[in-house]
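Student: Could we go through this structure together? I would like to know what stands behind each term.

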Amino acid sequence: MVENRRWPGIRPARKLHRRTNLAALQAAVSALILLYSLLPLYWLLRTSLISKEDLLKAPPALLPSPATAEHFARILGLDGSSHVISANFVRAFWNSAAVCLGATAAVCAIAVLAGYVFARWRFPGSRALFGLLLVTMVLPAYSVMLPLYRVMTALSLIDTGLGLGLIYVSAFMPLAVWLMRSFFLTVPIELEEAAQMDGAGRWRQLFLVLPLAAPGLISAATITFLSCWSQYAIPLVFASSKAQPVTVFLSTLVGKTSVEYGLMAAGGVLSILPPLLVAVFLNRYLVAGLMKGAGR
Amino acid sequence: MKRRDNDIFLLWLLPMALVLLCFVILPLLVTVVDSLYSVSLLNVSDRSFAGADNYLTVLKDANVRTAAGNTLFYTVVSLTAETVLGIAAAVALKEKYRGRSVILAVLSIPWALPPMVNSMTWKLIFDPSVGILNEILLQWGVIDAYQVWLNNPELSKWCVTTVHVWKMLPFIVIIMLARLQTMPREIMEAAETDGASAVQKFRYFTFPYLRPVLFITLAQGTIGAVHLFDEPYAMTGTALDTRTLLIQDYLTAFREYNLGTGMALALLISVSILLLMVLYAKLAGRQEEW
């Protein structure tokens, strides 16, 4: 505006005004986001801590007072009452942990190797192979689930952690390879060329640049772990009893003759602890991975 | 680079190629072939060539049509909500401020949690006897009596959509934010010097800058909505009002044991998604030419 140039004194005042507006907007949006993410989770936590009698009072109590740990004690088997439920929950929780950690480790190993090759080597068909890999990201396990079921039956891998883990690897490998490739591409090639001059082999060169791509590897591991922990439809088909993960276990609590709200909620709270901690403490890597991973 | 050096690269690609071949490509080929046969899950050796019969069965099935309608509903409603709310949140979060990284961490929590547990959590909110939603809406005067949200065909689809969007929106915001943060400061400063209003700045600068990434968020949102399974299955089971195409496919193959029909439906869903992705890519490409 012309006036502003003539009387520069006006501009700081306007800018200040705009800045307080912006700060107010930022505060309001921050508050909204906190409510958005945390209110539903608060209700889960509150339901897990409220006693059976208080639960059915109308209108519903906002605070679980007095809070009780009875549901947590029951689902963890600390009160010695319902042995079957607690045994199944604890087993399902460890099933989830073992399969997710195993699949994540395997995905990372595959993705480091393949991502490095795709970043550093152009060979006839490399673009086609990479394109094929990306297409499979759009068609996840569902479209291949039925023949996989027969393969898994033939290999007697139905209802085993190994079978479930292999499916997870095939489902989440493409994104991890994509991520590792794009992180390796940001590492200057000069480092490896210098190492090659000194007679370093391919493995030495890979381990030389791997620390530089470490943030990418953590991103890939975070996203893979969270995706594995979230699965429900796949284990419902492939690991529905002995090897069931915690999501499938929780669905067995729903829809019984009498609904055990407190028990469900306590199980829910415990089952979201691992992904919650990962999302909060590795958030920088999670966000970086999501930002990069979406660009395909 | 010497040829001999590159041999080890082939070895490094091998694990990926094996997994891709055994768990994706071969099963996919089997899907294509078996969709032309009549196969039962109970006895897979008992099969007969059926040609296009499975596809005709799928297309004529009234339940498939209902499920397709529901999936279309979920896709349209969630894409609208994700795009509008996503843009609003990304614009508001664009400038760095103290505590923003904490807010982003909290925002990403719903994305990180299993949809099955999210559904359970929201079921506890919707529940007419132990939930809080009825009480809040009653107090605010939005409703005049308690509603049985998930048993009401008018409302249950909206409930499922809410839970799905709750998980997807953080992801959409993060993608949009990634784009907005690369916007050159000079553009906005120039606009401010010229006295552009907030609306004008959004319309002529922010939105055009955001547009290329909108196709990515639309693509991600579409994949998420078409693959919807956990939320409706966990909240309302196989009820026809909320049933999606994937739930229908699960029922056909694993409850009715019609493998051939199930594979035909799975392929139709996959091809539709691929076509949509090609369409988005075409639209995005034309965008860049402008």
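Tutor: Gladly! Chain A has 15 helices and zero strands, where helices (H or I, at least four residues) and strands (E, at least two) are DSSP runs numbered from the N terminus. This is a predicted model, in which local features need pLDDT of at least 70, side-chain atom pairs count only at pLDDT 80 or more, and totals for chains, interfaces and linings use all residues. Residues are numbered from 1 along each chain as its sequence is written, with chains lettered from A and ligands numbered from 1 in the order in which they are written.

Student: Why does A:I85 count as partly exposed?

Tutor: A:I85, found in helix α5 (residues 83–120) of chain A, has 18 C-beta neighbours inside 10 Å. A residue is buried if 20 or more other C-beta atoms, placed from the backbone, lie within 10 Å of its own, exposed if 12 or fewer, and partly exposed in between. The count of 18 therefore makes A:I85 partly exposed.

Student: How many of the 296 residues of chain A count as buried?

Tutor: By that rule, 45% of them do.

Student: What describes the packing of α3 and α10 of chain B?

Tutor: Two packed helices are described by the angle between their axes and the distance between the axes. Helix α3 (residues 62–93) and helix α10 (residues 198–226) of chain B pack at about 145 degrees, with axes 9 Å apart. Axes are lines fitted to C-alpha atoms, for helices over the stretch in contact, and angles run from 0 to 180 degrees between N-to-C directions.
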